[in-house]
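Hi,

Here is the structure I promised to pass on. My notes on its cavities and packing follow below.

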Amino acid sequence: MDFGFGAEDEAFRGEVRGWLAVHADGSQDRRAWERTLGKSGWIGLGWSESGYGNRTATLTQQVVWAEEYARSGAPARSGHIGEKLLAPTLLAHGSEEQKARFLPPVAAGEELWCQGYSEPGAGSDLAGVRTRATRAGDGTYRISGQKIWTSLAHEADWCFVLARTDPQSRRHHGLTFLLVAMDQPGRVEVRPIRQLTGTSEFNEVFFDGAQARAEHVVGGEGQGWRVAMSLLGFERGVSTLAQQVGFAQELTGVVRAAVRTGAVADPVVRALLVRQWAELRTMRWNALRTLGSSGDGGAPSVAKLLWAGWHQRLGELAMLVRGAQATVGPQEWSPSSPYELDALQHLFLFSRADTLYGGSDQIQRTIIAERVLGLPREPKGVV
């Protein structure tokens, strides 16, 4: 794809920068910030022509918004799962009634979503989900099971859940994509997972007879695998370029630490820093090359392999340039703050999971091998 920014894109960039400079002050909580974004028309830029977004925007303008948002230091989004994952899925597979019910509140920043895919026994192997959804006599579904690593479930109003509606089915057959309200006391329980970083962005979610209405099945009963795979394709795209802006800022922080500690005088360290810079540039051009293209089933897996390993190596490099000081927290220990990390320590610990979540490196390589290169499928059940 011949990708570039024209005069209209640069004018749009100026508008975006001006708005963010005034509004992205970090004083609002995350839910209030989503409403601010929605009120000013910044949610749903990628829904062009749907009639449900706040404004239309070209693909290049979507990139401009994502990059400038990352550069601005604006609050982390809590509505991106609804905007970037649920909305494109409903536009592709949802009924007109579903679009009319769920898209406007997402565009307004009023309803937040989480993703009910991974389970303790079915993480990267999504076809192994065991959460059950049984059709009740009143036409609703009763959902029972557990999801894990559910991002922002503690803030979400709704969850899109992949569940097994045919108890006799196996693997990717008999799965259904359901929209489930999270406010069901006694039927939906959210338990935060404390991570290496001391924070809890991820959660366990337990469903014990949670209800979902029949009209909230997306794509039809038993068609959940098709819908779920379509959604996974939306996880990487414009957001990848914004992610790389954040990566560049982190790399700058590592370089400054290397200069400050004197580690930059080591030729090995300098070579590692240059390698990280060069690989980041390569990732950007690869993302631009594939942006907006279709039919390349391996592109999302290649992108995930590239950035996950790169980010993990950056975290390791951040500790290397700090030396022994990397093992010391930024503040003295106290009962009120027993676990404090600086930015580079947080980068190192959080990035340990990069090669696992969102589909492990092994799963991505299997996808490329089987679906792109046409290699024989990995044998199952060999003892």
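Thr240, Gln243, Gln244, Met283, Asn286, Ala287, Ala303, Leu306 and Trp307 line the largest cavity. A cavity here is a set of points, on a 1 Å grid over the protein atoms alone, where a 1.4 Å probe fits but cannot get out, and lining residues have an atom within 4 Å of a point. Its volume is about 50 Å³, counted as the space filled by probe spheres set on the points, which are joined across faces, edges and corners. Helices H7 (238–261), H8 (267–290) and H9 (299–322) each supply at least two residues of that lining; helices are DSSP runs (H or I) of at least four residues, strands (E) of at least two, numbered from the N terminus.

This is a predicted model: local features need pLDDT of at least 70 and side-chain atom pairs count only at pLDDT 80 or more, while totals for chains, interfaces and linings use all residues. Residues are numbered from 1 along each chain as its sequence is written, and side-chain values use heavy atoms, without hydrogens and water.

The second largest cavity holds about 40 Å³, and its lining includes Glu34, Arg77, Glu83 and Glu111.

Best wishes

Definitions and conventions: 1 Å grid on protein atoms, 1.4 Å probe; cavity = no way out; pocket = protein on both sides within 12 Å on 5 of 7 lines; lining within 4 Å.
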